[in-house]
Amino acid sequence: MKDEATYRRLFRTALLIRLVEERIIALYPSDRIQSPVHLSIGQEAVAVGVCDGLRPDDLVFATYRSHGFYIAKGGRLDAMFAELYGRTDGISGGKAGSMHLTAPQVGLMGSSAVVASTIPHAVGAALSFKRRGSDRIAVTVFGDGATEEGVYHESLNFAALMEVPVLFLCEDNGLAVHSHRPVRQAYRLAEHAAAFGIGSRRLEEGWDMLAVREATLQAAAKVRAGAPFVLEIATSRYKEHVGVGEDFHFGYRTSASVDAFKRRDPLIVDAALAKALEPELEREIDAAVAFAEASPAPGRPELLTDII
Amino acid sequence: MNVALAQSASQGTRVLSYAGALLETMDAALARHTNVFIMGQGVDDFKGIFGSTTGLAEKHGAKRVFDVPLMEEGMTGIAIGAALAGDYPITTHIRADFSFLAMNQILNLAAKYRYMFGGLMSCPMLIRIVVGRSWGQGAQHSQSPQATFAHFPGLTVVMPSSSQAILDMYPAIIARHPGPVISIEHRLLYNLDFTVSDTGKHVPLGSYVAREGTDVTVVATSVMVLEALRAAQYVHDKAGVSAEIIDLNSISHPDWDLVAASVRRTGRLVVADTSWLEYGVAAEVCRQLVVRDPRLLKQPPSLLGMAPAPCPTAKSLEDIYYPSQHETVDAILTQVTGAGHGIPLPVERSMTEGYKRFRGPF
């Protein structure tokens, strides 16, 4: 039975993420956001389902494609737009930008543009939790491509050996920039995890926020009990790897692969609910954009602060 | 305790090896700070990183001092994550060359965490790496990457040249330093005994004058500080030449004013570094002086470092690959009295052989 209140809560956050990114698309030609943006449109259900399935004090380590996780974990929207604008009131004073969104106050730790590089950070935070007898867990979010990096293997091995409370969360959009998974991977993720004695699950319904939430709750319970876990969620990146456009015309993939996903995407399917929530969310975004517009740009006094 | 030790103890000094100083500071850090832990390949084995962690796992427990798989990048990333969660990790690499496998985490993440996120987070941690030299260390057990690390803003790089430097710097780093620190230790120093004082003037997290002098300034790093001190004694005894030795000590944040003031007095410069000269410490010393005042030097400086090649294994090649005591003395004398100084140089010998007989007091 569908829990209506939970569905509406998740739907609202997912829609906020999509509308925020659509606003970014609209603003982008104005050059107010002068940095690369990696949009998560199509992948929102993963961010909201996962973050809702965690405790607020659990830590999430993320990637350059983290607008969704920033919002879902509870990061301030005005400070996010100011950050994208490169302004002093940005969450990181403009030094981070889109690729390094972070909000440690709500448990979103560093986002890195170097693929796979924050995976061991979550393992380290989990090691700390275990050392202190805490029941918090650490989550590392990464794409399917990141599992090809050596440090993913190192991190799984260490996590299994030390039995630390870390959840490895793979957002499988099937693409590493423009390369498809079958030409990149000679292994299966579940079998790879099993080689370390690490349990795993693959969820095909990555559009289904409630299913993602439920899978996260189950995985997090295992992790909290001391067993690392790999949760792989199939999802779909509607836009190009980086930038605000689509990329079907380049011929490396077809829109059909995305269309199948869109036909199940609640943000599209449940148009009535989206329409009902939109005005309120747009006002929230308007206010955040206005906050960013009004914030001053950093300069000389900020250039050399917080280095060491 | 022998007579000499008893006497020195009564004067507030004692004799302590470099490895012994490391072991003391690691032990004290574990005892003083519950958030400190040490991980690295072999930290809990019978060799204990050349004696610098021996017995600590037994004393403080396997959760505080533990071995890790062969995973330099993963280990360093784990240290970063633990630091972000409030721990103070100390990691080790028994040769600096292995830390190159962790370069992604060190350069792209640890060095950036504080600045890139606008001061929201920091990852205080200590990375101890050991430079090898002699007995055929070869191309991949001999590299000394201080210039590489110090090139990247966000990293603090130190090269302790004595037991005193370790006793003074490590506790301060572990207790108070806000960011990641890379300490480049030299394997040749580990077994040397130094006279240390627990009450005297402390070695700063910067540079200091290791020997005062008036004729020439010698800026040195790590084991080359000892080479320079030996050479300074030799030129003093044989030729009455007074060399001032500055231990650069902090490679990322040296006291350039101290260096410049010394060179302003002497007008002559020797730089003795443990690595290559190209784009290295010697080049940086010259840059710092030239941008202050191009007239500081009366003549071109003498620069000593590794030959511009990967390190060869054969002893006959290795002996001419590194600057010898002979060359260090020659460089100092040439600066002060010219190339035709005519003063006999010390007998050529490899530094390792020399150090078997060398014992403090520096």
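Visitor: In what order do the six strands of the open sheet in chain A stand?

Guide: This is a predicted model: local features require pLDDT of at least 70, side-chain atom pairs count only at pLDDT 80 or more, and totals for chains, interfaces and linings use all residues. Residues are numbered from 1 along each chain as its sequence is written, while chains are lettered from A and ligands numbered from 1 in the order in which they are written. Helices (H or I, at least four residues) and strands (E, at least two) are DSSP runs numbered from the N terminus, and two strands pair if DSSP finds at least two bridges between them. In chain A the pairing is parallel, and the order is β2-β1-β3-β4-β8-β7.

Visitor: Which are the edge strands of this sheet in chain A?

Guide: An edge strand here pairs on one side only. In chain A this applies to β2 (108–112) and β7 (199–203).

Visitor: By how many degrees are neighbouring strands of this sheet turned against each other on average?

Guide: Axes are lines fitted to C-alpha atoms, for helices over the stretch in contact, and angles run from 0 to 180 degrees between N-to-C directions. For neighbouring strands of this sheet direction is ignored, and the average turn is 15 degrees.

Visitor: Which helix of chain A packs on the sheet?

Guide: Residues are in contact if their C-beta atoms, placed from the backbone, lie within 7 Å. The helix touches β1, β2, β3 and β4 (166–172) of chain A, and its direction makes about 170 degrees with that of β3(A). The helix is α5 (residues 119–132) of chain A.

Visitor: Why is one side of β3 and of β6 of chain B left without a neighbour in the sheet?

Guide: Chain B has an open sheet of six strands with parallel pairing, in the order β3-β2-β4-β5-β7-β6. β3 (65–66) and β6 stand at its edges, so one side of each is left without a neighbour because each has a single partner strand.

Visitor: Which residue of β4(B) is the bridge partner of I38(B)?

Guide: Strand β2 (residues 36–40) of chain B pairs in the parallel sense with β4 (residues 88–93) of chain B over five bridges. In β4(B), the partner of I38(B) is I90(B).

Visitor: Is V336(B) buried or exposed?

Guide: V336(B) lies in helix α16 (residues 325–337) of chain B. A residue is buried if 20 or more other C-beta atoms, placed from the backbone, lie within 10 Å of its own, exposed if 12 or fewer, and partly exposed in between. V336(B) has 21 C-beta neighbours inside 10 Å and therefore counts as buried.

Visitor: What distance separates the C-alpha atoms of V336(B) and R268(B)?

Guide: Leaving aside neighbours within four places in sequence, V336(B) is in contact with D215(B), V216(B), V241(B) and R268(B). R268(B) is 68 residues away along the chain, yet the C-alpha separation is 7.4 Å.

Visitor: How many residues does domain 2 of chain B bring to the contact with domain 1?

Guide: Chain B is divided into domain 1 (10–197) and domain 2 (208–357), with bounds from an automatic or database domain assignment. Taken over C-alpha atoms, the domain centres are 26 Å apart. Domain 1 of chain B contributes 25 residues to the contact, and domain 2 of chain B contributes 26 residues.

Visitor: Which element gives the largest share of the side of chain B that touches chain A?

Guide: The contact joins 34 residues of chain B to 32 residues of chain A. Elements of chain B giving two or more residues to this side are α5 (72–84), α7 (103–110) and α8 (113–116). The largest share, nine residues, comes from α5(B).

Notes:
Contact = placed C-beta atoms within 7 Å.
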